[in-house]
Amino acid sequence: MASSAVQSDSDDGMDEFMDKFKTQRYKNAFSEDGWEEEFNKIPMFMKTAPEEIDPKKYPELACLQAIIHDEDRPPGEQAKSLKDEGNAFFKEKNYEKAILSYTAGLKKKCGDQDLDTVLLTNRAAAHFHLGNMRSALNDAASAKKIKPDHLKALIRGAQCCIALRNFSESIQWCDEGLKVHPTDKKLQELRASADKHKRAAERDARKAKVKEKKLHGEKEALLAAIKDRGIKLLQSVKPRRYGSDSEEDEDDGSSAAISQLSLDGLSSQEVTGAQVFLDEQGSLHWPVLFLYPEHQQSDFISAFCESSCFVDHLAVMFGEELPPWDTDRKYHPQNLQLFFEDEEKETLYQINPETSLLKVLQHKRFFVKAGTPSIIVLKTWYFNLGTSCRVRTTSGKEADVLSHATRQCFFRKVQHI
Amino acid sequence: MLSDSETAELLSFLTPATRPDVKGQATECILGLSGHRDGCRFLRTKPDLIVALFALTSDPSVAIVKNCYHILINLSADETLHQVLVADVKVLPVLLKNLLDPEYLFSDQICTILSNLTRHEKTCKTVFKVLQEEAGLAQLVEIFCTEGYNKNAKLHYLGPLLSNLTQLPEARNYMMDKDRCVIQRLLPFTQFQASTVRRGGVIGTLRNCCFDYAHHEWLLSEAVDILPFLLLPLAGPEELSDEENEGLPVDLQYLPEDKKREDDPDIRKMLLETLLLLTATKAGRQTLKDKNVYPIMREFHRWEKDVHVTAACEKLVQVLIGDEPEQGMENLMEVEIPEDVEEKLKEADAKEQQELEKEPEKRQEEEKEEEKRRTDREQESGLIK
């Protein structure tokens, strides 16, 4: 646009220029297919920032970043930019990245206390949302140290304490805050909430204590009842492998004697976990194992009342139907004889089925093993034939089932029962 | 009493420059005077002496300052001296300033003086006004609730002071400001074991606040939750059924076996009166019924031996288990009592009082107790001889 000489050419020049478009494509145009992608790469038109800024792919963006994070800028400015960056990440809920930005900002040590307080408080918020309560609390505390009246830090600190279930500390944070901001609703709300939780936790502790005491009392009553009846519990090797049903193991409160007794005498090795208990009328109910060594079978009665007799149970167990393993069809209630084993003396003692469980348990040679009395059941015809027969008992030892001849002296013992 | 010349001489001894032993003697002399009513009345006519004494509270000798404070305590116990103290000697601003100082050695004495000054409405109003100007009631509550605020003083007498202040509606409104957290800070002190004075003061404050039934709903709500704090001192270790327990406020559930009830019968009576006040409105009655207050009262009634306290308990129980009053009379504080009914009620009250005191052995015991309480109260009011 200078001399008139050019001007006289300009129209031609213009025409020439315009003509080009008819033949040549515009250089550096967006490609038809990927134009959206390319559009998005231009910083001004970006909808979202890329995760990583590769200078090759996004040269303009890398350039801008370099300007922002230029090390030559004063630290205060850098820190502020990092704060803004962190806030942007925070808004996107990208809390990890936000934490990184805030941390970088704090590292600048720009000396601006207000800025540092905000960085710490914001970082605390980011940690809070990630569930890192300890870190959040630490940051809030650091912020509070710099600026004791910073409301957001105070609120955040109180919230963290509640999340950590440290309610007394939370109330302290709130009270500190309320000193400076007496009418702040959030602080009042948090205080009331922390107070409520604290009192509920105290109640729960009291409730647990009462329950524990009750349980302990019941246990003591049970052991006393057993002892009063003169029933002997057998000391056995501690079953260390049963972690779950050895609640007696964790019973710190009980005296040594009781825990000893309960551990050794009552911890049930039965899969069912059944245990002797004392009912409201003061009767004991025992789990009882019935063994049928002739058929290698057993039955388990989970609650045999001490005052009931064996006949009643036998009637139920064998009365209506005979067990499937009784192939010979001989286990009729009236055909059965009951014994218990004295392991130490390797003797069987016969039980009159009409007697009660209690009488049997009180027998001077009866020892309750693992909290579960065992009763051996055999068919009567062994005796009727007068033959003796070796029977394997639960201890694995073999004992002679006494022959008819010696039955008489045996019965003398039975009289006691 | 002293002649004019003797008074003038005494006055001359009460200057900071005087020899310490002379100062000591002079203050001792006045202390003796202040120990009885005539002496106080005499001193009332000599405000200059009191002004001088007050100035001596900045004396370097601790013994002298102590004497001065004791004199002031004695004087403040007599209502006729209040005007002189407040208007002529102008004690309030200085006292309040010292009270706020965590290092001050005589804060307990200040509390006692202020407590005495606020007993009656007239001076109480003045104290409150100055308080609001100088420090603010919030500050007072803050100091009261901060454990170990002052290493040299227990500050228990701030309790009765707060209680006295709340006889004024403006103080009550401040205490029960919904936008702040003031009264809530006092609640845990209903069980403060270490000091009956502090505990009684707090409970007295709460009772006074409950005269304003407009605040009842807020007081009973979760924002304040006053009820458990009133019930805990009255609840005992007796085991309640699981059902009864679950209905109670959280703080009263599953109380341990060693739970003790409030020792002081006067305080127990105050607690019951406060609870009774809370039953004035229909909503309040409903809340107390819903929160299983009755079983607590039932067990309490069984345990209580003091006749007067039992009477207060029975009044409360009557409302808890009685029928709802008829329409129009639901707010017990607003019910208009016709004159003749009021007369009859007064007679009935008097008769009840008589009957209570008629029982011979109980009367003797009570008289003995009264004597003890009177001396205790005198000590409390700080009449130091």
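Modeller: Helices (H or I, at least four residues) and strands (E, at least two) are DSSP runs, numbered from the N terminus. This is a predicted model, in which local features need pLDDT of at least 70 and side-chain atom pairs count only at pLDDT 80 or more, while totals for chains, interfaces and linings use all residues. Residues are numbered from 1 along each chain as its sequence is written, chains are lettered from A and ligands numbered from 1 in the order in which they are written, and side-chain values use heavy atoms, with hydrogens and water left out.

Colleague: Where is B:Thr57 found?

Modeller: B:Thr57 is in the loop between helix 4 (47-55) and helix 5 (62-76) of chain B.

Colleague: Is that residue buried or exposed?

Modeller: B:Thr57 counts as buried because its relative accessibility is 9%. Buried means under 20% relative accessible area, exposed over 50%, and partly exposed in between (1.4 Å probe, protein chains only).

Colleague: Which residues does B:Thr57 touch?

Modeller: Not counting residues up to four places away in sequence, B:Thr57 touches B:Val65, B:Cys68, B:Tyr69, B:Leu72 and B:Tyr104 (contact means heavy atoms within 4.5 Å).

Colleague: Turning to the interface, how many residues does the contact take from chain B and from chain A?

Modeller: Chain B gives 20 residues and chain A gives 16 residues. The area buried between the two chains is about 1,600 Å², of which carbon and sulfur atoms give 49%. In chain B, B:Asp179, B:Val250 and B:Tyr254 lose the most area to chain A, together 32% of what that side buries. Buried area is the accessible area (1.4 Å probe) that two parts lose on being put together, summed over both.

Colleague: What meets the side chain of A:Lys213 in a salt bridge?

Modeller: Its partner is B:Glu257, at 3.1 Å, N to O. The pair crosses between chains, from helix 10 (residues 185-228) of chain A to the loop between helix 17 (242-247) and helix 18 (265-278) of chain B. B:Glu257 counts as exposed, at 60% relative accessibility.

Colleague: And which residues are linked in a network of salt bridges?

Modeller: The network links A:Asp175, A:Lys179, A:Arg191, B:Glu142 and B:Arg185. Among its members, B:Glu142 and A:Lys179 meet through their side chains at 3.8 Å, N to O.

Colleague: Within chain B, what does B:Arg207 meet in a salt bridge?

Modeller: B:Arg207 meets B:Glu273 at 2.7 Å, N to O. B:Arg207 lies in helix 14 (residues 196-209) and B:Glu273 in helix 18 of chain B, so the pair ties together parts that are 66 residues apart in sequence. Both are partly exposed: B:Arg207 at 24% relative accessibility and B:Glu273 with a relative accessible area of 25%.

Colleague: Lastly, where does A:Tyr292 lie?

Modeller: A:Tyr292 lies in strand 3 (residues 284-292) of chain A and is buried, with a relative accessible area of 0%. Leaving aside neighbours within four places in sequence, its contacts include A:Met317, A:Phe318, A:Trp325 and A:Tyr331. The C-alpha atoms of A:Tyr292 and A:Lys379, 87 residues apart along the chain, are separated by 9.2 Å.

How values were computed: A salt bridge is a side-chain nitrogen of Lys or Arg within 4 Å of a carboxyl oxygen of Asp or Glu.
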